[in-house]
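Please review the following briefing on a single protein chain. It is arranged by topic for use alongside the sequence and the coordinates.

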Amino acid sequence: MNPARHILLLGAGKSATVLIDYLKEQVSDRNWQLTVADHDLALASGKVGMHANARAVQLDILDLTRRHELISEADAVISMLPPALHLLVAKDCLVLGKHLLTASYIDPELKTFEEDIRNKGLLFLCEMGLDPGIDHMSAMQLVHEISNAGGFIRSFKSHCGGLVAPESDNNPWHYKISWNPRNVVLSGKAGAIWREGGATKERTYPNMFSNCEEVNIDGLGKLAWYPNRDSLGYIDTYGLNNVDTFLRTTLRYPDFCNGWNWIVRLKLTDETIVYPTDRITIKTFLQQHLQHHQLNFSIATLNDPVVQEQFRFLGFDSDETLDRGNCTAADIMQYLLEKKLALQPRDKDMIVMLHEIEYELKGKTHSIKSSLVVKGENSLHTAMAKTVGLPLGMATILLLEGKIPERGLHIPIAPAIYQPVLTELAKRGISFSASS
């Protein structure tokens with residue numbers, strides 16, 4: 001019998017909903033304790049509800065004394081805070097001797113503490129959500145299976161997207177927001193670099209959504225993709241140094257990429273120029289923005305009727321007054337997306353992931369496609385929340401039960417981590433279908 005454990009979850013936002021439900025279920029079964037801390041006590045309380053083994057507390061994350069008090073009570077900390085705050089929590093966990101799990105990319109500064117984390121016998125497990133997270137685990141399972149059979153991988157492509165389910169797809173963008181809306185506005189801004197056909201390829205932001213290539217997903221049809229940031233950084237991580245092609249991408253419906261290409265071309269995601277918006281209509285803002293950047297554009301003269309419809313749907317020809325104070329174009333884009341592309345209460349989102357691998361085995365060339373499609377239940381219990389939250393929750397339970405022996409700073413690419421988590425995910429209906 002495992003001793004009673006205490007889990008601290010920091011952050012109760014959109015992606016934490018399913019995680020909280022899962023943790024409540026697990027701590028109840030084991031008679032453990034769960035604390036959910038958020039700056040918005042009402043939000044956390046609403047998701048925790050009345051539960052014998054769980055409580056909601058208010059936390060100003062910059063309050064060192066209260067933060068240390070809560071972390072000290074816990075055996076493991078799950079951070080669902082904005083990525084910029086993970087390092088703050090990580091330093092506390094290191095000082096106080098607590099395991100830490102996040103869904104975010106490893107902070108470069110955190111790597112400088114790698115030896116200290118290991119020496120203290122702690123596990124800091126990052127990139128443990130969907131993408132990054134499930135993508136790593138499912139990909140490494142395939143990579144290791146091929147390698148163990150004596151195969152040599154020549155091409156690796158991994159695609160993932162948070163989309164709207166077909167039954168809830170009722171706008172010309174074929175998209176609804178199921179995660180951080182600011183990240184949607186800024187997607188692709190960092191540019192991208194990857195390996196293709198043995199050569200290094202790069203794409204800058206102005207061209208990120210231009211002429212997007214497509215993949216076919218069984219039952220869904222064609223989806224477009226654009227490359228993710230730095231694919232090269234994962235070649236060594238995946239142990240695929242001699243691969244000819246290595247590419248990680250984001251999936252969208254084709255019309256979205258075509259429309260968003262216009263958004264980027266018109267600099268409507270710019271974060272530098274500030275416009276006063278009080279008593280200014282959306283249409284007037286667009287005119288002022290275009291004049292400022294000396295851009296010749298008119299919705300009425302667009303030769304693409306779908307893009308015309310997309311711009312009108314967002315309200316760029318609207319006489320609605322903004323009245324939002326001083327804003328950048330990116331701020332206004334975020335406002336419009338949150339207003340027009342919000343998931344309605346009964347809407348379902350959808351997660352799609354696809355791995356495409358080509359490899360040589362016993363002198364023959366083989367290919368495999370492994371795909372995952374997960375649909376949400378509604379606007380609260382989304383597929384995004386499910387696929388981001390469940391891996392974190394499952395890894396935390398497995399860790400505290402002594403079923404994950406790894407220590408140090410990790411992402412989930414080791415069999416000791418990914419095998420038990422993928423097994424648990426499959427029990428919840430999150431499993432891949434493979435075809436050759």
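The overall description comes before the notes on individual residues.

This is a predicted model, in which local features need pLDDT of at least 70 and side-chain atom pairs count only at pLDDT 80 or more, while totals for chains, interfaces and linings use all residues. Residues are numbered from 1 along each chain as its sequence is written, and side-chain values use heavy atoms, with hydrogens and water left out.

**Overall architecture**

- The chain has 14 helices and 18 strands, where helices (H or I, at least four residues) and strands (E, at least two) are DSSP runs numbered from the N terminus.
- The radius of gyration is 23 Å, close to the 22 Å that the globule rule gives for 436 residues, so the chain is as compact as a globular protein of that length. The radius is taken over C-alpha atoms, and the rule is 2.2 Å times the number of residues to the power 0.38.
- The C-alpha trace spans about 70 × 60 × 40 Å along its principal axes.
- Of contacts between residues at least 6 apart in sequence, 71% join residues at least 24 apart; contact means heavy atoms within 4.5 Å.

**Surface and charge**

- Of the 436 residues, 53% count as buried. Buried means under 20% relative accessible area, exposed means over 50%, and partly exposed lies in between (1.4 Å probe, protein chains only).
- The accessible surface comes to about 19000 Å², of which 47% belongs to carbon and sulfur atoms; the areas come from the Shrake-Rupley method with a 1.4 Å probe, and for residues only the protein chains shown count as cover.
- There are 44 positive and 51 negative side chains, and the centres of the two sets lie 2 Å apart. Lys and Arg count as positive and Asp and Glu as negative, with His and the chain ends not counted; each charge is placed at NZ of Lys, CZ of Arg, CG of Asp or CD of Glu.

**Residues within helices**

- T396 is found in helix α13 (residues 383-400) and is buried, with a relative accessible area of 0%. The side chain of T396 reaches the backbone oxygen of L392 at 2.7 Å. Not counting residues up to four places away in sequence, T396 touches I7, A76, I78 and L101.
- I20 belongs to helix α1 (residues 17-30) and is buried at 0% relative accessible area. Beyond four places in sequence, I20 touches L9, A12, L34, V36, K47 and V48. I20 and L9 are 11 residues apart in sequence, with a C-alpha to C-alpha distance of 8.3 Å.
- V306 is placed in helix α11 (residues 305-314) and is partly exposed, with a relative accessible area of 28%. Residues up to four places away aside, V306 touches P172 and D255. V306 and D255 are 51 residues apart in sequence and 7.7 Å apart in space, C-alpha to C-alpha.

**Backbone geometry in loops**

- Most residues other than glycine have a negative phi, and most peptide bonds are trans.
- N31, in the loop between α1 and β2 (33-38), has a positive phi of about 60° although it is not a glycine. N31 counts as exposed, at 53% relative accessibility.
- K362 also has a positive phi, of about 55°, although it is not a glycine. K362 is found in the loop between β15 (349-361) and β16 (364-375) and is exposed, with a relative accessible area of 78%.
- The peptide bond from D131 to P132 is cis, with omega near 15°. P132 lies in the loop between β6 (123-125) and α6 (134-148).

Key:
Polar contact = N/O pair within 3.5 Å; in protein donor to acceptor, adjacent residues only side chain to side chain.
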